[in-house]
Amino acid sequence: MQDPESDPAVWRTRFLNLLDRTQVPTAISTTDGEITSANPALAALWDLTPSRLTGRNLLDLFTPTDDAQFTKLDTALRTGRRSRYPVRVRWEASGTSYEGELTVEPVSDPAGTTPPLLAILSADERRTAPKAGELQLLSAQEARIIALVAAGHTTAVVARAVDLSADGVNYHLVRLCRRFEVPNRTALVARAYVLGLLSPTAWPPAP
């Protein structure tokens, strides 16, 4: 009988479970860039579920800002070289442009002859906290998440209400806390009221 620990399918399942839980935006794609798996942290950049990214191409989502880096990566993949290749990219979300570094690495896969690509995004940190006049930085889904949290709902309830996984909701909250420079969700709610993101006269809380 085959040892389950040596079964590639077992390890693949474990890896995908770990991928779902990591807070770092990550995707697995074919060598042509077609996404086969994406985690909630990556999908949350566009307020989507991971399944909505499956089948899309990385180049549809990210635009390389350095042609030389992209050419180096393309050449490496065509010649079968294995290494990590950082590529500076930009992307649009909620009408705002962002930049960061997408690190692409071919990964050996015992189940196939063509190695899949592991793509990990490191977004540049915003240098300034948003002001009251910059409300367009808050997407409709982010505003709804904050309102639900302000009403005292648990992560599980919020996840069902906005059609995300619990990990996806937590990723949004972590990202919002960083954006508004607050330590936790309680402070995030208070900051949202101060900035006028939540109505001070509505209950349940509303954007």
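**Exercise 1. Is F62 buried or exposed at its relative accessibility?**

*Solution.* The structure is a predicted model.
Step 1. The relative accessibility of F62 is 2%.
Step 2. Buried means under 20% relative accessible area, so F62 counts as buried.

**Exercise 2. Determine how F62 takes part in aromatic pairs, and describe the cluster that contains F62.**

*Solution.* 
Step 1. A search of the whole structure finds 3 aromatic pairs.
Step 2. W46 and F62 form one of these pairs, with 5.6 Å centre to centre and 65 degrees between the planes. Planes over 60 degrees apart count as edge-to-face, and the pair of W46 and F62 is described in that way.
Step 3. W46 lies in the loop between α2 (40-43) and α3 (58-61), while F62 lies in the loop between α3 and β3 (63-64). This pair links distant parts of the chain, 16 residues apart. W46, at 18% relative accessibility, counts as buried.
Step 4. F62 also pairs with W91, again edge-to-face, at 5.6 Å centre to centre and with 80 degrees between the planes. Because W91 belongs to strand β4 and F62 to the loop between α3 and β3, the pair ties together parts that are 29 residues apart in sequence. Both F62 and W91 are buried.
Step 5. Ring pairs join W46, F62, W91 and Y98 into a cluster.

**Exercise 3. Identify the residues of the salt-bridge network that contains R88, and state how exposed they are.**

*Solution.* 
Step 1. Side chains of opposite charge can pair when their charged atoms come close. The structure holds 6 salt bridges.
Step 2. One of them joins the side chains of D124 and R88, at 2.8 Å from N to O.
Step 3. D124 has 39% relative accessibility and counts as partly exposed. R88, at 24%, also counts as partly exposed.
Step 4. A further salt bridge is formed by E99 and R90, whose closest N and O atoms are 3.5 Å apart. E99 is partly exposed, with a relative accessible area of 33%, and R90 is partly exposed, with 34%.
Step 5. The network of salt bridges links R88, R90, E99 and D124.

**Exercise 4. Which residue forms a salt bridge with E142, and is E142 buried or exposed?**

*Solution.* 
Step 1. The partner of E142 is R179, and their closest N and O atoms are 3.0 Å apart.
Step 2. E142 lies in helix α5 and R179 in helix α7 (residues 166-179), so the pair ties together parts that are 37 residues apart in sequence.
Step 3. E142 is buried, with a relative accessible area of 2%. R179 counts as buried at 13% relative accessibility.

**Exercise 5. Describe the packing of helix α6 against α7.**

*Solution.* 
Step 1. Two packed helices are described by the angle between their axes and the distance between the axes.
Step 2. The axes of α6 (residues 155-162) and α7 come within 8 Å and cross at roughly 100 degrees. Angles of 65 to 115 degrees count as roughly perpendicular, so α6 is roughly perpendicular to α7.
Step 3. On the α6 side the contact involves T155, V158, A159 and V162, and on the α7 side A166, V169 and N170.
Step 4. Sorted by class, this contact has 5 nonpolar, 2 polar and no charged residues.

Conventions: Residues are numbered from 1 along each chain as its sequence is written. This is a predicted model: local features need pLDDT of at least 70, side-chain atom pairs count only at pLDDT 80 or more; totals for chains, interfaces and linings use all residues. Side-chain values use heavy atoms; hydrogens and water are left out. A salt bridge is a side-chain nitrogen of Lys or Arg within 4 Å of a carboxyl oxygen of Asp or Glu. Buried means under 20% relative accessible area, exposed over 50%, partly exposed in between (1.4 Å probe, protein chains only). Helices (H or I, at least four residues) and strands (E, at least two) are DSSP runs, numbered from the N terminus. Rings of Phe, Tyr and Trp (its six-membered ring) pair if their centres lie within 6.5 Å; planes under 30 degrees apart count as stacked, over 60 as edge-to-face and the rest as tilted. Axes are lines fitted to C-alpha atoms, for helices over the stretch in contact, and angles run from 0 to 180 degrees between N-to-C directions. Angles under 35 degrees count as roughly parallel, over 145 as roughly antiparallel, 65 to 115 as roughly perpendicular and the rest as oblique. Contact means heavy atoms within 4.5 Å. Ala, Val, Leu, Ile, Met, Phe, Trp, Tyr, Cys and Pro count as nonpolar, Asp, Glu, Lys and Arg as charged, and the others, Gly among them, as polar.
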